[in-house]
Amino acid sequence: MTMTARSNGDGHGSTGAPWYGYPQRRPHYGYGGGSASFRGCCCCLFLLLTFLALLALAVALVVVLVVKPRKPQFDLNQVSVQYLLVAPPTTPAGSPAGVPPSAPGAYLSLNITLFFTAVNPNTVGIRYNPTAFDVMYHGVPLGVAAVPGFEQPAHSTRLLQTRVIVDRFNVLQADAQDLVRDAAINDRVELRITGDVGAKILVLGFSSPKVQVSVDCAIAISPRSQSLKYKQCGVDGLSV
């Protein structure tokens with residue numbers, strides 16, 4: 001006997017249930033695993049950087065204990081005087097006798113060369129920052145002596161040269177009277193040279209924290225002989 005199978009064209013299966021009664025499963029992509037991996041990478045990177053920083057600090061401390069760095073020496077070695085001129089204020093032409101000058105004060109012109117000596121007593125090199133020394137008269141700034149930055153090898157001495165040029169600086173009132181008296185009567189004009197020298201000690205390509213030495217020098221120049229009469233320098237202190 002021949003049996004004929006029922007056609008499924010009516011949308012029913014063998015059980016008679018509609019085909020759309022079974023929802024289709026779609027692939028699900030979760031993000032929890034990726035987020036955990038990212039957090040793990042960040043944590044490993046942070047631990048690695050912390051370890052490297054601690055290792056560098058430990059190496060630096062060992063090197064410092066072995067090298068035993070000492071502060072550099074920076075001093076004003078010599079002063080060469082080209083000229084120092086002091087001119088009192090002038091009364092305008094045609095003014096009646098006894099009329100005071102139009103601008104009270106005195107004019108100072110200065111041209112000097114400063115020679116600094118830098119001594120490195122360490123077994124490693126030193127890097128100096130650019131430095132500007134102030135040249136003053138009675139606390140009044142007259143000019144600036146600039147020294148460029150440089151590197152100095154271990155156990156060495158270096159001579160640095162810089163020039164200060166002041167053209168008719170107007171010193172007013174009481175300071176002008178002192179200046180004229182110092183130049184004309186005392187033949188002794190005292191100047192003060194101050195500045196901070198910053199340096200870093202170089203160890204295995206690394207530099208130490210900044211070391212600052214404050215230099216304070218007093219000099220006296222004779223306007224008549226155009227020469228240096230007195231020089232005394234000192235170091236105020238060392239700060240790190």
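Biologist: How many bridges join strand β2 to β7?

Modeller: This is a predicted model, where local features need pLDDT of at least 70, side-chain atom pairs count only at pLDDT 80 or more, and totals for chains, interfaces and linings use all residues. Residues are numbered from 1 along each chain as its sequence is written, and side-chain values use heavy atoms, with hydrogens and water left out. Strands are DSSP runs of E with at least two residues, helices are runs of H or I with at least four, and both are numbered from the N terminus; two strands pair if DSSP finds at least two bridges between them. Strand β2 covers residues 106–120 and runs antiparallel to β7, and the bridges between them number 14.

Biologist: What pattern does the protein follow along the sequence?

Modeller: There are 2 helices and 11 strands. Read in order, they give α-β-β-β-β-β-β-β-α-β-β-β-β.

Biologist: What percentage of the residues count as buried?

Modeller: Buried means under 20% relative accessible area with a 1.4 Å probe, counting protein chains only. Of the 240 residues, the share that counts as buried is 30%.

Methods:
Buried < 20%, exposed > 50% of the residue type's maximum accessible area, 1.4 Å probe, protein only.
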